[in-house]
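Q: I'm new to this one and would like a close look at a single part of it. Could you walk me through how the pieces there sit against each other?

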Amino acid sequence: MELRQLQYFVEVARREHVSEAADALHVAQSAISRQIANLEAELGIQLFEREGRNVKLTPIGRHFLPHAEAVLKAVEDAKQQIEEYLDPERGTIKIGFPTSLASHMMPMVISAFKAEHPNVSFHLRQGSYYYLIEAVKKREIDLAFLGPIPVREIGIKGEILFSEPFAALLPNSHPLARRDRIVLNELRHDPFVTFPKGYILHQIVIDACHQAGFSPNISSEGEDLDAIKGLVSAGIGVTLLPESALSESLLRYAAKVPIEMPQVKRNVGIIISDHHELAPSVKVFYRFVKDFFAELERYQLRG
């Protein structure tokens, strides 16, 4: 069985017309007919049946088509990998990230990288904390930004990039909204708005409140940052969010108030699979990200 036979078969199956497939592939119609006949002889089945001037897949031909397409895609993916090894500046990097890092960190990092490596492409996928971990393990994505970095996670290698504090987000009408800072225990009687149970930011809020000596009364839940900010702005409750997710320019009806005690923080970093070697373009990006945040930290310390 030859790749050319599979290519001819797939093209005819999609167009249901031999001469149109020949035109698309820039080969003689007789060549396509001959190669498909050879493929049918090798498989011992009939892949097509004629309907006037057109052809249609037989039932077994329809069953064979997705397998042929999968083989061709695998070969195409392999060729792309080889091209990346020859020129890592033309690769495609598949990156995952959670909603809490979408508005500030991701645009900053990717725009800085693209300024130096304009021909590298990105495929970005937003997802929940545990989904992104599994996606890296399954090689559905090359790497993911996460906060916090998982510890003792089999199959994952993590690199911490920076640490960031959480702040309280309060409705503008809240009595503590104009304070310079608060003690978390001061919110013990307030209803809380959080991500649903199972989200890492939900657990961080729960743990912080327990550390402050109370269990939060969770009145409402939202599955993305905009929903949670909207609920807080509407006066439904209060919440705790990482500071990078709380851009002052986007807060019209809510106030960000730093937490004095206890200190609520998370580390933010990047995870990759520790079982597979990174493609060259991904290696370039991985090194860039580590250097980028190391330089950013040095700049902040000097400032």
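A: Helices here are DSSP runs of at least four residues, labelled H or I and numbered from the N terminus. Keep in mind that this is a predicted model. Let's start at helix H2, which covers residues 18-25.

Now look at which parts of H2 are tucked away. Its buried residues are Val18, Ala21 and Ala22. Around the helix axis they span an arc of only 105°, so they sit on the same side of H2. And what do those buried residues pack against? They meet H1, H3 and strand E2 (54-57).

Two of those partners, H1 and H3, also touch each other. A pair of packed helices is described by the angle and the distance between their axes. For H1 (residues 3-15) and H3 (residues 29-43), the axes come within 9 Å and cross at roughly 110°. An angle of 65 to 115 degrees counts as roughly perpendicular, so H1 is roughly perpendicular to H3.

If you want to find that contact in the picture, look on H1 for Arg4, Gln5, Leu6, Tyr8, Phe9 and Val12. Across from them, H3 brings in Ala31, Ile32, Gln35, Ile36, Asn38, Leu39 and Glu42. Sorted by class, the H1 and H3 contact has eight nonpolar residues, along with three polar and two charged ones.

Key:
Residues are numbered from 1 along each chain as its sequence is written. This is a predicted model: local features need pLDDT of at least 70, side-chain atom pairs count only at pLDDT 80 or more; totals for chains, interfaces and linings use all residues. Side-chain values use heavy atoms; hydrogens and water are left out. Axes are lines fitted to C-alpha atoms, for helices over the stretch in contact, and angles run from 0 to 180 degrees between N-to-C directions. Helices (H or I, at least four residues) and strands (E, at least two) are DSSP runs, numbered from the N terminus. Angles under 35 degrees count as roughly parallel, over 145 as roughly antiparallel, 65 to 115 as roughly perpendicular and the rest as oblique. Contact means heavy atoms within 4.5 Å. Ala, Val, Leu, Ile, Met, Phe, Trp, Tyr, Cys and Pro count as nonpolar, Asp, Glu, Lys and Arg as charged, and the others, Gly among them, as polar. Buried means under 20% relative accessible area, exposed over 50%, partly exposed in between (1.4 Å probe, protein chains only). The arc is that of the directions from the helix axis to the C-beta atoms.
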